[in-house]
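Please look at the sequence and the model shown here before reading on.

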Amino acid sequence: MKLSVLLLLIALLFLFLVEIPAQSKKELTYTKDVAPIIKSYCLPCHLEENENPSGLALDNYDLLMKGGNHENTVVVGKPQESNLYLKILPNPPFGKQMARNKKKLTDEETKAIYDWIAQGAKK
Ligand code: HEC
């Protein structure tokens, strides 16, 4: 009887240890989390075939990581230095807040961009 209670407790503890880190460490990827945001807010302006003054094409991961004229588009691990993040905030370091005249990103989407860069900007 006592042994089965103990085993149950150990099983519960095990579940907790497995579950909690899995939830708090939700890893963001370009494909799953960032590309859909870019697609709905930043295109077609930032397509390679469009002439846009920033020199920033956002068609795919490689072009995004290559960056625009001001460089530092994505500084891996450092969202506070990344123009991709700074430009979606009010009062960016240069030019206008993105997505310019279109609608702004929600707080959740803005945070997703921040977290994605902070986590290492995985593809
Ligand atoms: C209506 C067209 C348009 C849309 C939509 C748009 N941009 Fe831009 N973007 C521009 C133009 C024009 C510039 C250059 C002028 C400026 O910096 O304000 C620019 C500049 C930038 C730059 C600076 C690149 C560099 O190195 O010079 C970044 C970063 C950027 N945009 C990100 C985004 C992101 C992220 C989105 C979507 C959330 C977005 N833009 C949506 C037109 C657009």
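## Contacts and overall form

The model described here is predicted. Among contacts in the protein chain between residues at least 6 apart in sequence, those that join residues at least 24 apart make up 46%.

The radius of gyration of the protein chain is 20 Å, whereas a compact globule of 123 residues would have one near 14 Å.

## Secondary structure

The protein chain has five helices and zero strands, and, read along the sequence, its pattern is α-α-α-α-α.

## The nonpolar core

The largest nonpolar core holds 17 residues, and within it Ile-113, Trp-116 and Ile-117 have the most contacts. At least two residues of this core come from each of α4 (83–86) and α5 (107–118), and α5, with three residues, gives the most to this core.

When residues up to four places away in sequence are not counted, Trp-116 touches Leu-28, Asp-33, Val-34 and Ala-121.

## Around the ligand

The ligand is surrounded by 25 residues, of which Cys-42, Cys-45, Ser-54, Gly-68 and Gly-95 are the closest. Sorted by class, the shell around the ligand consists of eleven nonpolar residues, ten polar residues and four charged residues.

How values were computed
Residues numbered from 1 in each chain as written. Predicted model: local features only at pLDDT ≥ 70, side-chain atom pairs only at ≥ 80, totals over all residues. Near = placed C-beta within 6 Å. Nonpolar A, V, L, I, M, F, W, Y, C, P; charged D, E, K, R; others polar. Helix = DSSP H or I, 4+ residues; strand = E, 2+ residues; numbered from the N terminus. Rg over C-alpha atoms; globule rule 2.2 N^0.38 Å. Contact = placed C-beta atoms within 7 Å. Core = buried A, V, L, I, M, F, W, Y, C linked by C-beta atoms within 7 Å. Buried ≥ 20, exposed ≤ 12 C-beta atoms within 10 Å, placed from the backbone.
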